[in-house]
Amino acid sequence: MPNDIVTVASELAEFSRLVADDDFSSSTEKFVSRLVKTIPGCDDALITVRSPTGVETVQSTGDLGFDPLAPGPIVEAVTFREPRQLGDVMADQRWPSFATQLVNAGYRSCLTLPLSTRGDESAVLTLLSRDEGQFDESSYDVVLLLTLHAGVAFDNAAIYHDSLELVGQLRTALRTRSLVGRAQGLLMRDRGYDSDEAFSALRRASQNRNVKLRDLAAQLVAAHENGSFDKLVLDITAG
């Protein structure tokens, strides 16, 4: 196992440096698959996330055959950000319905550990075994160490996706500004308006026609290009 741990540590060092070109889903898939191969007795693994919109499983190593979101250790762990463990689902009946599902799916023990994340979202990693009494103290410590790396990736992914959203908003704002500026210029040339008068005419027409300012500006620019500008201007200014 020591050599495997070195390999996993190396992979997670890259995993924790998630950047723009990475596919986050592929990275988490690689992460859980590698854990199954590395942790003794681990047959399957999954990652569950709780956000303001609810709880969902974002990655697993396959069709688990049970509902991870049923009341039980996974939901409790992701809600309270605390570890949960079932050493033997046949003997531990804290969550009887969940335990029954695990047994029917062929599992006898599980370990759920919180990932180290910041912000409103919380995430947990769950390891599953088809044998009871798995995930002893040694495995627990190793998995706990690995979850710290995974938590960094979640934070980096959140920052990245927030940045993408901001960039998208900025691009929309710039496109809107460009379209409105072009529409103003067309009105200034055609109607003899100054800049303020042209903008006021656009805003007034936008309100009267119940059309967003950028959409109205786009219509004017398109009309200029297809030869229907004069008619559209008359309709707008008449309002």
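A salt bridge here is a side-chain nitrogen of Lys or Arg within 4 Å of a carboxyl oxygen of Asp or Glu. Keep that in mind. I'll come back to it.

What you see is a predicted model. First, the overall layout. The protein has eight helices and five strands. From the N terminus, the order is α-α-β-β-α-β-α-β-β-α-α-α-α. There are 239 residues, and 37% of them count as buried. The accessible surface is about 13000 Å². Carbon and sulfur atoms hold 50% of that surface.

Next, strand 5. Please look at residues 122–129. How many of the eight residues in strand 5 are buried? Eight of the eight. Both faces are covered. On one side sit S122, V124, T126 and L128. On the other sit A123, L125, L127 and S129.

Which strands pair with strand 5? Strand 1, residues 44–51, is joined to strand 5 by seven bridges. The two run antiparallel. Within that pairing, L46 has T126 as its bridge partner. Strand 4, residues 109–114, is joined to strand 5 by six bridges. That pair is antiparallel too. Here L113 partners with L125.

Back to salt bridges. The count is seven.

Start with D44 and R130, whose side chains meet at 3.9 Å, N to O. That pair counts as a salt bridge because the cut-off is 4 Å. D44 lies in strand 1, and R130 lies in the loop between strand 5 and helix 5. They are 86 residues apart. Is D44 buried or exposed? D44 is buried, because its relative accessible area is 12% and buried means under 20%. R130, at 39%, is partly exposed.

Second, E132 and R108, at 3.8 Å, N to O. This pair also links distant parts of the chain, 24 residues apart. E132 sits in the loop between strand 5 and helix 5. R108 sits in the loop between helix 4 and strand 4. E132 is partly exposed at 40%. R108 is partly exposed at 25%.

Third, E76 and R84, at 2.9 Å, N to O. E76 is partly exposed, with 26% relative accessibility. R84 is buried, with 15%. E82 comes in here as well: E76, E82 and R84 are linked in a network of salt bridges.

To close, go back to strand 5. It is mostly covered, and it pairs with strand 1 and with strand 4.

Definitions and conventions:
Residues are numbered from 1 along each chain as its sequence is written. This is a predicted model: local features need pLDDT of at least 70, side-chain atom pairs count only at pLDDT 80 or more; totals for chains, interfaces and linings use all residues. Side-chain values use heavy atoms; hydrogens and water are left out. Helices (H or I, at least four residues) and strands (E, at least two) are DSSP runs, numbered from the N terminus. Buried means under 20% relative accessible area, exposed over 50%, partly exposed in between (1.4 Å probe, protein chains only). Accessible areas come from the Shrake-Rupley method with a 1.4 Å probe; for residues, only the protein chains shown count as cover. Two strands pair if DSSP finds at least two bridges between them.
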